[in-house]
Amino acid sequence: MPQPTHTRIRMFNTRETYPNQTLDNDLCQAVRAGDTVYVRGQVGTDFEGRLVGLGDPRAQAEQAMKNVKQLLEEAGSDLSHIVKTTTYITDPRFREPVYQEVGKWLKGVFPISTGLVIAGLAQPEWLMEIDVIAVIPREGEGTAP
């Protein structure tokens, strides 16, 4: 039997995640495909579904980055191996607090980055969201500057 080409991390169904909406989608928090890890958009909600930082974009960014860190580690990578980030904010005034917080977590990493100001996210309490792509280093490889 062939080996799977990818691993799904923290699978869930949206019925439990979004009880206020009539959704029924099977998703996961991250996918490891070969040496690449794709992390689903992370917000200021912990893995038990509790919102951290109601009305506070910086606190939500901090929780989102805690989630990203944990998911990358579960996939066999870490923050230092992030190659791309996409950050969504719902108000241009949130750019500084969100980017300052994300910047603390990614100091010295130098990923490519896309930032968007959007009309809204999946839940009205969410002020920011970040998704990342990272790699898994081969044995003996470090992070190149």
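## Pocket lining and helix packing

H3 contributes the most residues to the lining of the second largest pocket, namely three. This is a predicted model in which local features need pLDDT of at least 70 and side-chain atom pairs pLDDT 80 or more, while totals for chains, interfaces and linings use all residues. Residues are numbered from 1 along each chain, and side-chain values use heavy atoms, without hydrogens and water.

The second largest pocket holds about 180 Å³ of space. Its lining includes Tyr-99, Val-102, Lys-107 and Phe-110, and the elements that give two or more residues to this lining are strand S4 (82-89) and helix H3 (95-105). Lining residues have an atom within 4 Å of a point of the pocket.

Helix H2 (residues 57-75) packs against H3 at an angle of about 30°, with the axes 8 Å apart. The two helices are therefore roughly parallel to each other (angles under 35 degrees count as such), and H2 passes H3 in a right-handed crossing. In this contact (heavy atoms within 4.5 Å), residues of H2, among them Met-65 and Lys-69, meet residues of H3, including Val-98 and Trp-105.

Note on methods:
On a 1 Å grid over the protein atoms alone, a cavity is a set of points where a 1.4 Å probe fits but cannot get out, and a pocket is an open set with protein on both sides within 12 Å along at least five of seven lines; lining residues have an atom within 4 Å of a point. Grid points are joined across faces, edges and corners, and a volume is the space filled by probe spheres set on the points. Helices (H or I, at least four residues) and strands (E, at least two) are DSSP runs, numbered from the N terminus. Axes are lines fitted to C-alpha atoms, for helices over the stretch in contact, and angles run from 0 to 180 degrees between N-to-C directions. Angles under 35 degrees count as roughly parallel, over 145 as roughly antiparallel, 65 to 115 as roughly perpendicular and the rest as oblique. A crossing is left-handed if the near helix is turned anticlockwise from the far one by less than a right angle, and right-handed if clockwise.
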